[in-house]
Amino acid sequence: MMHRRTFLRAAAGIGLSLPWLEAMADSPKTGAAGDLPRRLGFVHVPNGMYMTHFQPAQAGKNFTLPYSLAALEPFRSRLNYYTGLDDPNSAHNYAGFLTGTDVAATPGFNFRNTISIDQVVANSPIGQATRFPAINLATSSSMRISWSADSVSQPTLSKPQDLYEMLFVQDPRQIIDARLQHLKDEKRMLDAVLVDAKRVHQQLGAADQRKLDEYLTAVRAVEKDLQRLESWMNKPKPQAKMPQHKIGGPEGLRRLNLSLIALALQTDSTRVFTYYAHDDRLPGHNSHHGGSHCGNEEFADLKTMPANHRDFVEINKLEATIFADFIAQLATMKEGDSTVLDNSCLVYGSAHRMLGHHHRSVPLLSVGSLGGKIRTGYHHVFSPFPVNGEMNRKLSAEYRGRPIGDLHLTLLQQLGIDVKKHGMGSNDIGEICA
Amino acid sequence: MFGWLSRSLMFGVLALLTTPAPSQAADAPVRVEEDHARKVRPLLEKYCVRCHGPKEQEAGVRVDTLKALFGTTSRDADLWIDVMDQVGQNSMPPRKEKERPTADEVDMLLSWIRAAQQQAIASSKEGAGKVVLRRLNRTEYNNTIRDLFGVEMRVADSFPEDETDRGFDNIGQSLTLSATLLQRYLMAAEFVVSRCFSSDPPPKKMQVHVEAELDGRSTNGPLLTGPTHNQFRRLRGKSANNMMIPVKLTSPGTYRISAKVASWPQSAGEPSRLELLEKGDNLVLLQGFDIFADEYSDGELISFDITFSPRDVRERAARNFVLAPAGNGDLLVDYVHITGPVYDVWPSPAFVRYMPQGSTDGTVVDLRRLVETFGARIYRRPIIPEDLKPLEDLYTTKRKEGADHLKAVQLVLTQMLISPSFIYLVEKRSDEKQPRLNDFELASRLSYFLWSSTPDDDLLNAAKAGKLTQPAELERQVLRMLADAKSEALVQNLTGQWLALRRIDEVAIDPKQFPTWSAHLRVSMLEETRAFFREILRNDLSVLNFLDSDWTMLNARLAKHYGIPGITGDQFRKVQLPKDSPRGGLITQAALMKILSDGIATKPITRATWILENLLADPPPPPPANIDTSGIALKKGSKPTSLRERFEVHRQIPACYSCHRKIDSIGFGLENFDPIGAWRDRDENKLPIDASGELRDGKSFKGPRELKQALLARKDDFCRCITEKFLTYALGRRLEYSDRATVEAIARRIPQHGYTLKGLILDIVRNEAFVRP
């Protein structure tokens, strides 16, 4: 239970209480970065980027951020750009971006994905320690990049209102009491249907039995979750006002969702999130998807490039700016001597490089050091990749980078989760570890 | 992007039914090897082996030892894919090589690899031809609850979206059940039971009454004194005049919006159109009404019911309804009245029927009777002792804790609604050589096919009497069910999924570019295609009308969109098309053209792919990964080029051309229809449209009318295609290689019963495949 409440002013002028810091105040270890929660976040923008203006030209420490990433300049020393990480997925979807698995080896047949990085965190003690083991967002609820170990895509929230209610709106006491009583009944019913399901199971053929296994797994998971819910039921939710943004439309929704995620991280409501951000038609622009088909030849000169190229660059820039503003919010959220940003690592990128569904050396960067665990301020080049000219021919012919799963694996390990492999990634990236 | 996913999933086995051609397919396993030895190996020896053979293995690749193996674990299979990529993209042989394969040779090689790959996929599939345990999808769940309890609640609207497979959302293999979904099942069951089996008094009705003329916010137009001295407010046509009525929903349920309205007497002939909309983030059209002028009337009462799910109320309890004129004619509004929740029976018809003795008093005997009657409806089969025991235990435990009869009953019903026997269409394993569904399982399959809902008493009684296996009874049931209003689900789902109407809102139309686009046009388009399907189904018209017809279903709005004169009013009716009209048949319908566009420009390839896939059962494979598209780049300062010129580049890249040669020209044939399906003579760059093309079989055509004739010439393919679509939907499973004979047999009979949908449906349910688990 909370004894006091600390109200802070967040970047967007939001009053909120910080139950986590509260809890820390009771502990003697207050303030040391090592004790603060570490978080991971993934913002995925589909359909790739105009790489000439997205991928830094120089490798190593002394790189400059290209045009599309200009808004991230204040965080240059706190970010890494990665060249040479390959998305595994050669088919036309993004199922492998967070799972690191090539699920499309045989399209239309035995579609089995593996667990995505956010769900690994959610299932670990790190995810289980918060009210929401993971939060999965998307522009529309049909867009999914998070997968359970049993290859079920995780439902996504798309409306800021839903997210806000879930995070911050406190149910009245009588509802909570009724709910607690209810939980008891629910557990009872689940016990009973489990018996029921096992009986049905015996009467089924093999293929049906495997299908019903989903149900059995779900019942057990829900039972476990009911126990978890019960334990959270008596703890009040943190409070926060709905953030306000002047901008409306799809851009406004994305900003609002990200602001809410910032609050969710700050209040330690969750420690991992994914956001499939696909606003195909941002105001004033052509579609992102259409833009990504503007051709193979990229142009360096922003002034003279064809209008559709320029438009695509501007979409990339706008989306990166929205992300940068989110980063800026995290950077102002104090946690002891550090900030939420310091204790997080936020990955931003796309599972496709660009046109033609190229998935080699995808656009990818991360911001934040995960509480000092990740060395930042570098453009890591695992396998050089020219941003212009020959790129696509080279791509299709011989280019091979590192599997993106290597990055996931590294992040998981740095988070303190003991894994040896994630998707096709089995070698951690030593150079990014502090 | 998910389009690609479903496309690639869809591709799987359906493609197999068609490529290779039927005559070859039967002995295809032999042919893969045979062709490898006869054609493929010699080709590789001729062009590749010098660098990738016994002497040299550049890049570690050797092709002469490659075997015709395509299993999922085969290393050779991976290498074949590499070969396909390299050769397909013209990367191999290297450009410097003088001796290069011809386009035909490349095509042969690529086609062979693809076919072999598909065959391997098909033959290795487990449980082929088996309906995998199907859970109810959202539509089925909503309909089932509605039919069980007699109350429309739409609780499944808050479930996660269902997985689709080949465009269908009732495919057992693909529908998954996650912990999240189970949680929603639990919530939904609790809501439904507490709402429908309740001793609470009915919820207080919300009422809003607005006398239009007293609405002080705006007084556009004069106040009139009508014949009966009612006062009206005038809303002028062609203006922004409207009435907005804010309401606060008090609880989930059905709300009734009614209004007394009249048409301005001077608007003679044409009715005035009144639209009832809801203003949220967008303006959503709920219903349109035609109001006819009649001097002697004091107005007519219009009424509309709308159901708000618990989720709707949770998300937004404050709602704004809008009444607005949508045509030229002026409208007169006397009053608007909104009330709800409304219901015929409280708490529910099911409660009244199955708990006639009331709610508070009862014992385990009453519980048992309830489970054996209503519970049997929930499980769609008779209750057995094993079902009863745990339910009685739950009831008794709850009673011992001090709960009253009703509370304990609620718990029992809730448990039944989350049981696998309700959530899944359970079909028991049978060890016989020729397994068959039992009568109750068959009743469910029939009812979820024709109604997307649970079997009714009549059907369950037939199953109980063991009559469903009698052909005459089966036919009687099918015809009875098709005549029932619930068969509208078949219309909605097949037009929504096979004909893709569900995708109508996937891309937004740019209103600047298409000023005629409106909510009214949108629903009119959708209704044309649905009404067209309904007309063919209900009146036993030929399914070839889907390819081409000399009639269509129109209301005034759509007739205007199509430039067809003389149609007034909002009612859809069958209209004989003028002789020179390009309309008729599915592919000229505005809804499809809209769905297959990106909101700005037409998408000829998407249109063509859709036709190949959904009308001709000939879907092209998804494009390969990592295509070198350097030729497509728009050069700096280049002028807009015609579609044809832009597509010409496909011919330059073998990886593209092998498929695009059969795709592109079909798309050209529809170029006269703009992104919202209106006729045009010039494209978006003002270039004149050349709608001529050639089908793969060499048949050439010019314009949509001739394209439709060309499609009609492939009516056998169409019959096979529509059979595949209906059969997939009826069974709730993917069709497999082994289903080919079934499809052929049913398709062949289509001409014999006069090309009717009823005939097709009857043949499907009579087929062995339909009664097999």
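In strand β10 of chain B, B:Arg319 is the bridge partner of B:Val247. The model is predicted, so local features need pLDDT of at least 70 and side-chain atom pairs count only at pLDDT 80 or more, while totals for chains, interfaces and linings use all residues. Residues are numbered from 1 along each chain as its sequence is written, with chains lettered from A and ligands numbered from 1 in the order in which they are written.

**The sheet in chain B**

β5(B) and β10(B) (residues 318-325) pair in the antiparallel sense over six bridges. They belong to an open sheet of four strands in the order β5-β10-β7-β8, with antiparallel pairing. Strands (E, at least two residues) and helices (H or I, at least four) are DSSP runs, numbered from the N terminus; two strands pair if DSSP finds at least two bridges between them. β5 (243-248) and β8 (283-291) of chain B each have a single partner strand, so one side of each is left without a neighbour in the sheet. Helix α18 (residues 519-538) of chain B packs on this sheet, touching β7 (272-279) and β8. The direction of α18(B) makes about 80° with that of β8(B). Such angles run from 0 to 180 degrees between N-to-C directions, with axes fitted to C-alpha atoms, for helices over the stretch in contact.

**The sheet in chain A**

An open sheet of seven strands in chain A has mixed pairing. Within it, β3 (residues 39-44) and β10 (residues 344-349) of chain A pair in the parallel sense over six bridges, and A:Leu40 stands opposite A:Cys345 in β10(A).

**Nonpolar cores**

A nonpolar core is a set of buried Ala, Val, Leu, Ile, Met, Phe, Trp, Tyr and Cys residues joined through C-beta atoms within 7 Å. A residue is buried if 20 or more other C-beta atoms lie within 10 Å of its own, with C-beta atoms placed from the backbone. The largest core has 155 residues, and B:Ile764 is one of those that touch the most other members. Helix α7 (residues 179-196) of chain B gives the largest share of this core, ten residues. A second, separate core of 85 residues includes A:Leu72 and A:Phe75.

Not counting residues up to four places away in sequence, B:Ile764 touches B:Phe726, B:Leu727, B:Ala730, B:Ile746 and B:Phe770. Contact here means C-beta atoms within 7 Å.

Key:
Buried ≥ 20, exposed ≤ 12 C-beta atoms within 10 Å, placed from the backbone. Contact = placed C-beta atoms within 7 Å.
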